[in-house]
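Please keep the sequence and the structure shown below at hand while reading.

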Amino acid sequence: MPTLRPFILVALLLVNGCAALGPRVQGEADAVSWKATDLRLELRPGAGGNRWFYTFNLVVRETRGTGVTFNEIVTTIYQPGLGPWTGTYQGNWRLDPHAGFRLPLQSTISCLSTTPNCLGTNVPIPLWRITLSGKDDTNRAVKSVIDLSLPADPPPSMDTTAQSVPPISLR
């Protein structure tokens, strides 16, 4: 029986590791909670091939009861088969205590219409890392790192709470 213990331990680690590979659309990071809503995958055919647009809203809420002002948002998209793309945005995005904002996000992949991995739900799905940096009302540094893994074929969203949260813009 002692020889089964290492096997059971390895099996449990593998099961937990595989579970981490699935979609991750909500969580907490430092002073905020977050949730990806309104997920949509849309094909827009064009003369040169297909363009897939994956759009969603990231709803961010302050969780500690102390307002936060973010002055930098960094978005990095990891697209299978392509190098990562990073955008860095400077601004002044305020989150009052227990309040929220909505960040509309989108990724695009273009491919020839003959590319087999670019048809239907076989579209390579991006992974996102969004880093929000700033200070809270007590002058404490806040750095919230959000790692998103979106589903390959997003179901229709029944969540309408994102529309009641004010949007922010990164432009």
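The structure is a predicted model, and its chain holds 1 helix and 8 strands. Read along the sequence, these elements follow the pattern α-β-β-β-β-β-β-β-β. Of the 171 residues of the chain, 37% count as buried.

**Overall contacts**

- Among the contacts in the chain between residues at least 6 apart in sequence, 67% join residues that are at least 24 apart.

**Strand 4 and its two partners**

- Strand 4 (residues 68–78) runs antiparallel to strand 7 (residues 127–136), and 10 bridges join the two.
- Among the pairs between these strands, isoleucine 77 has tryptophan 128 in strand 7 as its bridge partner, while isoleucine 73 has leucine 132 in strand 7 as its bridge partner.
- Strand 4 is also joined to strand 5 by 9 bridges, and these two strands likewise run antiparallel.
- Towards strand 5, threonine 69 stands opposite arginine 94, and threonine 75 has glycine 87 as its bridge partner.
- The hairpin of strand 4 and strand 5 has 6 residues between the strands, and in this hairpin glycine 81 takes a positive phi near 90 degrees.

**Nonpolar core**

- In soluble globular proteins, nonpolar side chains tend to be buried together.
- The largest nonpolar core of this model has 29 residues, and those with the most contacts inside it are Phe56, Leu58, Phe70, Ile130, Ile146, Leu148 and Leu150.
- The elements that give two or more residues to this core are strand 2 (32–46), strand 3 (49–62), strand 4, strand 5, strand 6 (100–111), strand 7 and strand 8.
- Isoleucine 146, one of the core residues with the most contacts, touches a set of residues that, once its neighbours within four places in sequence are left aside, consists of Ala29, Trp34, Leu58, Val60, Trp128, Arg129, Ile130 and Leu132.

**Serine 133**

- Serine 133 counts as buried, because its relative accessibility is 15% and the cut-off for a buried residue is under 20%.
- Leaving aside its neighbours within four places in sequence, serine 133 is in contact with Phe70, Asn71, Glu72, Val142 and Lys143.

**Largest pocket**

- Rolling a probe the size of a water molecule over the atoms shows where empty space is left.
- The largest pocket holds about 450 Å³ of space, and its lining is made up of 18 residues, of which Ile77, Trp85, Tyr89, Gln106 and Trp128 lie nearest its centre.
- Two or more residues of this lining come from each of strand 4, strand 5 and strand 6, and strand 6 gives the most, with 6 residues.
- Two of the residues nearest the centre of the pocket, Ile77 and Trp128, are also bridge partners, with Trp128 lying in strand 7.

Technical notes: Residues numbered from 1 in each chain as written. Predicted model: local features only at pLDDT ≥ 70, side-chain atom pairs only at ≥ 80, totals over all residues. Heavy atoms only, no water. Pairing = 2+ DSSP bridges. Helix = DSSP H or I, 4+ residues; strand = E, 2+ residues; numbered from the N terminus. Core = buried A, V, L, I, M, F, W, Y, C linked by side-chain atoms within 4.5 Å. Buried < 20%, exposed > 50% of the residue type's maximum accessible area, 1.4 Å probe, protein only. Contact = heavy atoms within 4.5 Å. 1 Å grid on protein atoms, 1.4 Å probe; cavity = no way out; pocket = protein on both sides within 12 Å on 5 of 7 lines; lining within 4 Å. Points joined across faces, edges and corners; volume = space filled by probe spheres on them.
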